[in-house]
Amino acid sequence: MKTPNSSKLNGDKITIQHGKLIVPDNPIIPFIRGDGTGPDIWAAAQRVIDAAVQKAYGNHRKIVWLEVFAGQAAKEKFDTWLPDETVEAFKEYLVGIKGPLTTPIGGGIRSLNVALRQLLDLYVCLRPVQYFIGVPSPVKNPEKVNMVIFRENTEDIYAGIEYPAGSPQANRILEFLKTEFPADFEKIRFGTAEKMAEFLKLEEPEADARSLKIEVGIGIKPVSRLGTARLIRAAIDYAIKNKRKSVTIVHKGNIMKYTEGAFRDWAYAEAERVFGNKVYTWAQWEKTKATKGEQAANQEQKLALNSGAILIKDAIADITLQQVLTRPEDFDVIATLNLNGDYLSDALAAQVGGIGIAPGGNINFVTGHAVFEATHGTAPKYANLDKVNPGSVVLSGEMMLRYLGWTEAADLIIKGLNGAVASKRVTYDFARLMPGATEIKCSEFGDNIIQHMSIR
């Protein structure tokens, strides 16, 4: 499999100059159909995206699609889960889109999605969450949910530094901690055979430390200042350009003080350093309160926000997961670490209709590289049944078009999806929860979206 020459595709490459994408009228976009239900939902989504572009721009603009492979299809064709040529295609053409991929079982790549993000340094996982009127929801006021999550994509526990219990690597780290940092080692409750035997004797009086195998899994959680800085810059840039009111730094810094706590502190510092009076941070509020009192701090914040500054605040992760349910209007743009972002984006998706219509984009705002993707799994039991909701890839396509600057086409997709849902002619996941709805196929739902692009 070779990366095709753009001159043979009747299209042109997207480029980037001075941090700005240069998008031709006929951009070459690599795509991966995906595994399981991927081919069904991709077929519907591709038609929707093409229809939106045609309706918005006539014959002046058109996407030139370039198929590349990953996952099960790649394994069957090329005996590898992620061909080098696929990665090279995404590198060369800058912007791409993909369906859901199988996670290989056994050794090798833990996750193809994570591998692509790390190989392309796609440091932002962008997850907008909004409600479409009529979509079934388990909460009373889903329309109050309108948030954009900036999830750091390359660090945290997803960096993959982890060793299984009882392995030589885990035991060497335990021995290192025991020797070099004995006070810290005491926090590992069962890090020695003696400690294990002491506990076991409560139930097994004959337990002998000599016969016990130490089994403690070890994970290392890297969080860097640079990784934090580029994430918060991207989140605040987005908030400014889209006239959002606040950016909330979500963390668990009360427990993980030197990783997630540092993430919070570095984010505040970077916001103040780079954006100046365009933002007002809770860290500034705390400084003013300490020197001038709470009333002065409140007045300072009020003046800044009235002058158009964006509020930069923070929230503990567990409280955030509660408050996005009880007070969703308090959140606008969220900047958070990798694992927190995973939890939050799925929890929020459930509030507005489920993961089946949740879009996602993985972006490097410096190099311009971006891969937009279905955020759900492959659902192999529904493969080739033309049954599942294509909304996740459709809306990921909408995100892609907006990223390219083709906002008119992106707006048409939103219009079409709103109209299709309102018509109550929907796929099974919506139909079973919507009174009076008619269940239609995946492909038919794509047609329904296209039809409603033209309805005034």
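I take contact to mean heavy atoms within 4.5 Å, and buried to mean under 20% relative accessible area, with exposed over 50% and partly exposed in between (1.4 Å probe, protein chains only). Helices (H or I, at least four residues) and strands (E, at least two) are DSSP runs, numbered from the N terminus.

I note that this is a predicted model, in which local features need pLDDT of at least 70, side-chain atom pairs count only at pLDDT 80 or more, and totals for chains, interfaces and linings use all residues. Residues are numbered from 1 along each chain as its sequence is written, and side-chain values use heavy atoms, with hydrogens and water left out.

**Entry: helix 10.** I looked up the buried residues of helix 10 (residues 282-292) and found Ala 283, Trp 285 and Thr 288. These buried residues pack against helix 9 (260-275), strand 11 (279-281) and helix 11 (294-306).

**Entry: helices 8 and 9.** I then examined helix 8 (residues 225-241), whose axis comes within 9 Å of that of helix 9 and crosses it at roughly 55°. Axes are lines fitted to C-alpha atoms, for helices over the stretch in contact, and angles run from 0 to 180 degrees between N-to-C directions. The two helices are therefore oblique to each other (under 35 degrees is roughly parallel, over 145 roughly antiparallel, 65 to 115 roughly perpendicular, and the rest oblique). I recorded the residues of this contact as 12 nonpolar, 1 polar and 5 charged; Ala, Val, Leu, Ile, Met, Phe, Trp, Tyr, Cys and Pro count as nonpolar, Asp, Glu, Lys and Arg as charged, and the others, Gly among them, as polar.

**Entry: aromatic pairs.** I found 11 aromatic pairs in the structure. Rings of Phe, Tyr and Trp (its six-membered ring) pair if their centres lie within 6.5 Å; planes under 30 degrees apart are stacked, over 60 edge-to-face and the rest tilted. Phe 31 and Trp 65 are paired edge-to-face, at 6.0 Å centre to centre and 90° between the planes. Phe 31 belongs to strand 3 (residues 28-32) and Trp 65 to strand 4 (residues 64-67), 34 residues apart. Phe 31 is buried at 5% relative accessible area, and Trp 65 is buried at 15%. Trp 65 also pairs with Trp 42: the centres are 5.2 Å apart and the planes at 85°, so this pair is edge-to-face.

**Entry: Thr 248.** I located Thr 248 in strand 10 (residues 246-251), where Thr 248 is buried at 1%. Its contacts beyond four places in sequence include Lys 313, Phe 331 and Ala 335.
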